[in-house]
Amino acid sequence: MSLARRTLAALASLLPAIAIAVTYFFWRDGLGSQVAFHWDARGRVDGVIETGWVFGLALGIASAAGAIAAIVVLLKSPSLRTKRDVLTWTGFFAGIGMALWLVPAGLTYAAGSAQDAELNGWLILLAALLLYGVLLRTFVPSREQREVDEEPSVRTISSGWAATVYSPQIGVAFAIFAVAGAAGLVAAQEAPVIVRTLIWAVLAIAGIALVALLGIDVRVDQEGLRIRSALLRFPLKQVPASKLGDVRTTTVHPSDWGGWGIRKHGGSTAFIVNGRHAVSASLRDGGEVLVTIPERKLPRDLKRPGSDGDS
């Protein structure tokens with residue numbers, strides 16, 4: 001990724017904060033001490049907020065997200081996958097910052113007062129701003145060359161092997177998510193029922209996904225490769241022996257795949273949940289399935305499933 005393209009992506013990451021600051025400079029004389037911040041089902045204002053407070057909050061969110069994105073994208077070391085993911089999420093939060101300021105302040109400025117601000121079609125702008133991360137992601141090319149620190153050791157599995165892997169990193173993420181979710185629900189107590197329902201639905205889906213990855217069971221035997229959630233007991237990935245190639249141990253960095261969790265790249269799937277060591281199974285039709293495993297749980301001898309040791 002060229003320096004010019006990285007610089008352009010960094011500037012685009014900072015654009016939300018710049019837009020908030022510039023519009024405040026031009027609108028401040030036309031805004032009162034309060035701006036409209038909540039509308040009822042008919043689109044009428046039923047809640048206002050202090051202008052300075054919402055400006056500071058919006059600028060803080062957009063500035064922090066933009067700074068993180070700019071730093072990551074300007075550095076050479078993070079992989080392209082990591083940069084794309086960082087730009088996606090920081091762009092999402094920067095879009096939230098823009099929405100927090102541009103929608104209420106813009107409506108209030110256009111109407112002349114907070115009480116006369118009408119929501120109308122501005123919901124479209126609100127939805128569009130939340131997709132800002134998708135736009136930022138396009139600045140980073142999709143092709144990347146995975147770097148491997150050392151040649152993987154290819155062995156043969158002489159017998160079935162299984163392990164259960166727990167992820168402290170995802171456990172920490174779940175704890176942070178639980179606290180943030182609880183705080184969000186408390187803050188949304190006065191929101192319309194549909195908003196609270198959507199918040200509950202998002203929290204439930206994300207919570208289940210995190211719990212599913214807190215622990216995973218991995219098994220390689222004559223039937224093939226099977227990966228399932230250790231806590232929820234449902235399958236995450238199954239590959240029959242007839243579709244597997246060689247099974248090997250290797251080392252990876254989470255940044256090689258774009259971070260922790262379930263990662264996909266082309267025809268490959270990686271379960272990055274614990275440490276740098278991994279078991280990787282190649283697929284006969286291309287790609288691989290990779291699972292990070294603590295070193296002490298790595299298989300000592302490997303064999304391609306379905307073979308008799310003479311092929």
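**Notes on the salt bridges**

1. Aspartate 85 forms a salt bridge with arginine 263, with 2.8 Å between the closest N and O atoms; the term salt bridge is used here for a side-chain nitrogen of Lys or Arg within 4 Å of a carboxyl oxygen of Asp or Glu. This pair links distant parts of the chain, since aspartate 85 lies in helix α3 (residues 80–111) and arginine 263 in strand β9 (residues 261–265), 178 residues apart. Helices (H or I, at least four residues) and strands (E, at least two) are DSSP runs numbered from the N terminus.

2. The model is predicted, so that local features need pLDDT of at least 70 and side-chain atom pairs count only at pLDDT 80 or more, whereas totals for chains, interfaces and linings use all residues. Residues are numbered from 1 along each chain as its sequence is written, and side-chain values use heavy atoms, with hydrogens and water left out.

3. Aspartate 85 is buried, with a relative accessible area of 14%, where buried means under 20%, exposed over 50% and partly exposed in between (1.4 Å probe, protein chains only).

4. Arginine 226 forms a salt bridge with aspartate 221, the closest N and O atoms being 2.3 Å apart, and another with glutamate 223, for which the corresponding separation is 3.5 Å. Aspartate 221 counts as buried at 16% relative accessibility, glutamate 223 as exposed at 58%, and arginine 226 as partly exposed at 29%.

5. Salt bridges that share partners also join Asp85, Arg137 and Arg263 into one network. A search of the whole structure finds 5 salt bridges.
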